[in-house]
Amino acid sequence: MSDPAIELKGISKAFGAVQANKDISIRVMPGTIHGIIGENGAGKSTLMSILYGFYKADKGEIFVGGKKTVIPDSQAAIAAGIGMVFQHFKLVENFTVLENVVLGAEDSAMLKPSLTRARRELKALAAEYELNVDPDAVVEDIGVGMQQRVEILKALYRGADILILDEPTGVLTPAEADHLFRILDGLKREGKTIILITHKLREIMDITDTVSVMRRGEMTATVKTSETSPAELAELMVGRKVLLRIEKSAPALGEVILDVKDLNVTDDKGVHRLKNVSFQVRAGEILGIAGVAGNGQSELLEVLGGYEKATGTITLRGQTIDLTGGKSDGQSRRRRGIAHVPEDRQREGLIMDYHAWENVAFGYHHDARYRKGLLMDNAAIKADTAGKMKRFDVRPPDPNLAAKNFSGGNQQKIVLAREIERNPDLLLVGQPTRGVDIGAIEFIHEQIVALRDQGKAILLVSVELEEILALSDRVAVMFDGQIMGERLPGETDEKELGLLMAGMTDVPTDKPVHEAVEEQLAHAGTGDKRGS
Amino acid sequence: MDAMPKWAEVTLVPLISLLLAAILSALVILAIGENPWAAVKLMVSGALGSTYGWGYTLYYATNFIFTGLAVSIAFQARMFNIGGEGQALVGGLGVALVLLYLPFPHWTIALIASAAGAALFGAAWAFIPAILQAKRGSHIVITTIMFNFIAASLLNYMLVGPIKAPGQEPATSKFPATTQLPSFQDMFSTADTVLFRGAPANVTFFVGIAACFALWLLIWRTRLGYELRAFGHSESAAKYAGISPTKIIVVSMLISGGLAGMMAINNVQGEAERLVLNAVEGAGFIGIAVALMGRSHPVGVFIAALLFGFLYQGGAELALWTSIPRELIVVIQALVILFTGALDNMVRMPLEKVFLSMRRPPKPDRKSTTARAAE
Amino acid sequence: MDLNTLIQMLDATVRLATPLLLACLAGLYSERAGIFDIGLEGKMLAAAFVAAAIASVTGQVYLGLLAGIGASLLLSAIHGVASITFRGNQLISGVAINFLAAGLSVVIAQSWFRQGGRTPQLSGEGRFRSITLPFAESLSGVPVLGPIYAELISGHSILVYVAFLTVPLTWWLLFRTRFGLRLRAVGENPAAVDTAGVSVIGLRFAAVGICGILCGLAGAYLATGLQTSFTKDMTSGRGYIALAALIFAKWRPWHALYACLLFGFLQVIPLRPDLITNTLGLRLNGQLLEALPYILTVVILAGFVGKAIPPRAGGTPYVKER
């Protein structure tokens, strides 16, 4: 038996008082696809960043191809034949593909010869692994799937034999993901070793040969994929049995709460972000908006939340809502009974340096109950916060702790408590469980369903198709700023929704699905900045 | 978790920064052939050794309270108002116009009117850079600096032209006697002993203390302060919450400019009792060091202002009795800005290590923190 | 306005644009690498003082120039340590450097020369003299082109030519070399540079170093080329105006040249109030003229820049993502 391509022995890493990796050992065999699965915050990314020389381990050893290797920086990792595709791409957006590939791997002090050679090699790599990209395209103008390929090309151009991919499918349509997996298969056949980090059980089952499970900084198991099951993996990840389905009753539909007609948004670069978007949400209903990130969902939430200008009409319970001017802001939306759990709690939903209690008043700081004369009634806010923390099981239940000191799940619960307890007519929810551990996911899903059962209207935006299918009473799919169609969750499947997410209403007959998807995305690609 | 207890954060970090600045300043004094220890003794005796010295120290401190608060309120909204100098100059113009052209029966009414004039003029001078930043994205550091130069020219023009008093000097005539503010000498001397003789400290010092309290209330207890700090922490979150960036930028800069302008009741009305050229003497810039050292908190600003009052008066004594020029204060001010503002981490990181190693037993590995930091 | 007056004004524009241009290009390197630099002013001022002081003591302007560059580099190093190594606030660091230079220059000048914070007048080898280009004399008789060549192009000090040649050199370095590619990348996305195995810190220090050298040239030119001594606060806002020019130029070398010529011209206007009176028919008073460059800087920043997008990673220290 050959030496493992990668072997880690006893790796530990702490950030301040937080132990991100505890005594981790793992062996990755050459020519295999090795999955690493775990919840958010389990320490997967930290471990791989150590392998790529991005962080320095406090303890432990790394062996590459059986040889002990010290990897103090990325340069050393590259020299050892390791390449990494980060979850957030490390590309220079206003450089061309070619410039990005060459950056850091130039042959000489002058650029020209390097660029010429890279152009030639890219062509060869493209032919070999189905990795087609236009070398002269500027990165910010190409789609996310394409950008990911640039990252893979960057690694291959540097001669990587071992390729690490961190959550690579989060930004892809299902068809694009399938294509990616075929590329990875091809690389494996050429003898490359691939480490795939993900939190999606399905991907692990579909493509990996071996899978390692991480939980709370520790490696809990390494098993052959063929000898395990999703249920077993889930249990290993969470440490207990998990419910993979949400119990919910049939919806009791009421009157139309939100009516959106012909909504259009053009951003300051002149790119059309929303194109004639129309839909309705009824009382007692969850409308799920599916789609790959960056297809207008964020803009839709921003318009409804009052901080993006738009044309068209929106009515709430039949009353028109201003879309521009002084009465179109977050404050007036809140007064009209629209609550909003934003997509990015750290950038929008919370002030990370504010205490929990200050965050509970955030957006509602003009409320009469939080006021005492001209001043804010901090005591009242704190009391309210204590109650909310108890009801939403926020841990630790300390109103005086800064938001940044809570875990992702608990931060999200603070936002959710604030918005849900306002008893809104309409709740906007964006990516409710992004970066949240499974325990909190269950709780958050229950809260959303409970609000719907009270007869409220809920607009749910999520890039997790599973989440959309599990929660929604009706699903609308967005692509390139438009709504491609609406489906009932019981009457559709991931495959159909996946095509809609790529802007296609029919299954192509003349060519393979992934090619059709690719073409479609190439046409819509310009100005499309998914995930940003 | 925060690595350092709060008390250390607010006391140790500024104190060590100050110490570093002091050591470097001592080296400068050594380098120009003077004795640092003698210099310190001279500064202390000159600035704190008599009520006369105190009278100057507190007078300068009053200036710095206003300019320090001005920079602080802008910092809270993450605006860098480097234009306190110009705003204070123009505030002086406001004071002069009010006192020269309106009749006042008593100094109390004069003080209220001149404070309003000073604040109004100072705020107006900050308004243009603010609105340009909010609406056009013009870099506020550059525009406020430009407005300092423009203010100097404006004052120059006014003092050699429209409001110049007869005579050689580019200055206004003296303000009417009824507008004279009570000095510390007037307020604290008894029949037997004269205190603060001839020193310029005056009732404005108490206005400064009141301003500290008012600003504390504004920042930490009102909805405006809440919004302002929220905007300072995160513009994107502020937008989500329906807080208007334009409003916050403009309002914070108006308050900032107003406070800088109000310095003029101290130096123009309280001390000179007329408007002269370059009346601000760099106090606007010292406000930056004061705000940084005081960590943009009114209490910190007050303490830092006292310290700089001491340095300023001590520096004046040095210039008088030794060959150390007054500009030494600018060097100290620069070093304080450097250490408390820019090299903050250099001081903080070793301190955090010390505190981390002292923390025992290690905190239980709470799930909440693990989960967040690991990825 | 006749040709001679025009040439005179353009000639003065070139002279006054030179320190702006050097400072602007200095800022360009720094900001392209993601380090904002409000401290151009202070570095120029320090260089001006040290250059004038050393030139007057040694009588050798080139020694002065070297010393001036050294002083500027020292301040650059402080800015680098504060904003790169210790990830401090770049604006505040720059402001501190400006005050440091303003204070120290006068303190040292006073204790060294005892002339009220200025340096002695330079003469002879102590200052940069103008260079007459070949054939300037003989061609000056040629109509139009002759005077332009002899008066406008010829007859400046060496640093003026250095400044103007730095423009194409900068363009070439930024867009045609490996160093330039990496420099631009580190200002846009340092993580891309880091993961590509190139040192972010090294690149940024290199950029800050180049910035120091160019500010040194700018300052030395002020005190030993344009003027004949150092005087207190003699940069009078040029560092900030250079930054405004940099924004106006949207961080591009050739545009920086045009912007600095424009701002240089704005500084010439106050020197020739008679021309405004003659051409526009209005009499501006002295203080307004004095303030004019500053006012116009604000006007240009506010009105004509449009949307200037600075290098994306500008002003934020690089921290490896957690």
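**View 1. Six strands side by side in chain A.** In this predicted model, 6 strands of chain A make up an open sheet with mixed pairing, and the order across the sheet is S6-S7-S8-S3-S9-S10. The edge positions go to strand S6 (82-85) and strand S10 (218-224) of chain A; each has a single partner strand, so one side of each has no neighbour in the sheet. On average, neighbouring strands here are turned by 20 degrees against each other, with direction ignored.

**View 2. Zooming in on S3 and S9 of chain A.** Strand S3 (residues 33-38) and strand S9 (residues 210-215) of chain A run parallel, and 5 bridges join them. To find your way along this pair, pick out Ile37(A): its bridge partner in S9(A) is Val213(A).

**View 3. Two helices that pack on the sheet of chain A.** Let's take helix H6 (residues 174-189) of chain A to begin with: H6 packs on the sheet and touches S3, strand S7 (162-166) and strand S8 (193-198) of chain A. The direction of H6 makes about 150 degrees with that of S8(A). Then there's helix H8 (residues 230-238) of chain A, which also packs on the sheet, with S3, S9 and S10 of chain A as the strands it touches. Here the angle is about 30 degrees, taken between the direction of H8 and that of S9(A).

**View 4. Stepping back to the whole of chain A.** Chain A has 18 helices and 22 strands. Its C-alpha atoms fill a box of roughly 70 × 50 × 50 Å along the principal axes. The radius of gyration is 24 Å, which agrees with the value near 24 Å that a compact globule of 532 residues would have. Buried residues come to 52% of the 532 residues in chain A. As for contacts in chain A with a separation of 6 or more, 67% of them are between residues 24 or more positions apart.

**View 5. A bent helix in chain C.** Helix H1 (residues 3-32) of chain C bends by about 35 degrees at Ala17(C), and a proline, Pro19(C), follows within four residues. Just after H1(C) comes Gly34(C), with a positive phi of about 90 degrees.

**View 6. A stretch of chain B to treat with care.** Chain B has a mean pLDDT of 91, and 95% of its residues reach 70 or more. Over residues 361-375 of chain B, though, the pLDDT is below 50; this stretch still has 45 contacts in the model beyond near neighbours in sequence.

Key:
Residues are numbered from 1 along each chain as its sequence is written. Chains are lettered from A and ligands numbered from 1 in the order in which they are written. This is a predicted model: local features need pLDDT of at least 70, side-chain atom pairs count only at pLDDT 80 or more; totals for chains, interfaces and linings use all residues. The radius of gyration is taken over C-alpha atoms; the globule rule is 2.2 Å times the number of residues to the power 0.38. A residue is buried if 20 or more other C-beta atoms lie within 10 Å of its own, exposed if 12 or fewer, and partly exposed in between; C-beta atoms are placed from the backbone. Two residues are in contact if their C-beta atoms, placed from the backbone, lie within 7 Å. The bend at a residue is the angle between axes fitted to the seven residues ending there and the seven starting there. pLDDT is the predictor's confidence in each residue, from 0 to 100. Two strands pair if DSSP finds at least two bridges between them. Axes are lines fitted to C-alpha atoms, for helices over the stretch in contact, and angles run from 0 to 180 degrees between N-to-C directions.
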